[in-house]
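Hi everyone, thanks for having me.

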Amino acid sequence: MSAPAPIEVAGLRKVYRQTTTGEAVTAIQQLDFRIEPGEVVAIVGQTGCGKSTFFDILIGLEAPTAGSIEIGGRTPYGDFDGFRGRIATVFQQDRLLPWRSALDNVRLGLEMLGLPEAQQVERSREWLARLGLGDFLQAYPHELSGGMRQRVAIARAFAVQPGILLADEAFGHLDEVTASQLRDEFVGLARANGATAVLITHQLEEAIGIGNRILVFGKPATLLADVRLDGYGADDTALLREAIQATLQTNRIDPRLLQ
Amino acid sequence: MVIALRTASLVVFLLLWEWAARVPISFNFPTPWATFTALIELVWSGALLQASLTSLQSLALGFGAAVLLGVPFGLVMGVVRPIGRVARIYLDLLIALPTAALIPLVILSFGISILSSAVIVFVFCAPFVTMNAYGGVRDMRPRLVEMARSFGASWGQLFARIVLPSALPMILAGLRLGLSRAFLGLIVAELLLSPFGLGRLIMDSRSMFEHDRMFATVLWTLLLSGAALAGLARLEGRLLRWRM
């Protein structure tokens, strides 16, 4: 794994101009926080609160309107060479290439890294096997179930051995059992590899099940609450929910924002 | 089952043809049998092969140029949007234009030669080949590009690994459409202008009232283009195996 670096978000703001009407839309109002290396963080907020925009800026696909995101002191926007192999994302839909087999889909990120072919194949095999797809190396995406496709996408992200792993509502479209299973595997693998993991979800319950820290986004994105879960057990869900509601109330924020 | 149906349709077609020749629509409408014997004669004498070689030269030149220029240009149109937006107006016009109307112009510029029929073949098929390559890039899913960029793909990698493979089905469909248009252009050119190849054979037979020979040549042209299209379809099946 490439060494995880801290993620520093300072005064981040993003305003879009709508292409059809020319109207300005604020996706991110103001964000300031820091994620330490190795943390597992859940970001929770309503649909359309700018969580995905935040990820786009984090990955370097979008430039912020104001403020900055820095990862280990570097700005991701446009710096594809500097960040190649350091961040990997599992997207909302699997985004597999339909013309490539499972194995070749996992290889994609490794091709970008310029690894020798034998090594690409070996590492891709290994990750697919670890995610239980050892028998489906040559299967095309349309031959796999939704859950299996998302496993391939997870293998693709982990295979580049990034220091930071992102999941953008990656499990929301799957059935409950498969979703929680994959989420646990994702978080478990990230922890085992010492990587920083940031997961986006729109459900508080899911967020509580995930990591050591929950960031609650308002709409448009501002930081409503920053809750550290260390010390709580797995059965303290109700307690945590109350704690988060309380945090929101002391900040005079309507808890219904999280519905 | 499919084979039985196809055979049945062929039999029905031949029966209809035979009937049409007997109920004289016109006294010079040849029966299937007369056409087949004429075809065998033409093949045997070498006249048909000679003509085919000449025609296929124009076809290969025109269609080959359309593929080599049209596909890359269509891809550029798709990737560099401003170029696409301007060039597609001209391509739309070329597609809407009754292409045969350009033939006198082509003769004026290129004279009566194999080259001029190749140019006409090119004009017939290039717009379609180009438009499909362009459409293939435009229909690409932007989410896949985003995904590849998130893994740090360079522009070259994006093109080779995402843009080209996702445009490939449309490009290949364009080649098939283009090839059938190329045959159309070839015969039109040879009928209307250059005394070469299969078109000439058709015209000669017609002027000699050898309607069985004329029909045989038409049938042969049909077989040729059918074989070429089937070849392309096979290539398509092989390259797009992932869709099965």
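How many residues of chain A are in contact with chain B? There are 24, and they touch 19 residues of chain B, where contact means heavy atoms within 4.5 Å.

A quick word on the ground rules. This is a predicted model, where local features need pLDDT of at least 70, side-chain atom pairs count only at pLDDT 80 or more, and totals for chains, interfaces and linings use all residues. Residues are numbered from 1 along each chain as its sequence is written, chains are lettered from A and ligands numbered from 1 in the order in which they are written, and side-chain values use heavy atoms, with hydrogens and water left out.

Now the contact itself. Chains A and B bury about 2,200 Å² between them, 63% of it on carbon and sulfur atoms; buried area is the accessible area (1.4 Å probe) that two parts lose on being put together, summed over both. On the chain A side, A:Arg95, A:Trp99 and A:Met112 lose the most area to chain B, together 33% of what that side buries.

Which charged side chains meet? The rule finds two salt bridges across this interface, a salt bridge being a side-chain nitrogen of Lys or Arg within 4 Å of a carboxyl oxygen of Asp or Glu. B:Arg161 and A:Glu111 meet in a salt bridge at 2.5 Å, N to O.

Finally, confidence: pLDDT is the predictor's own score for each residue, from 0 to 100. Chain A averages 85, and 91% of the residues score at least 70.
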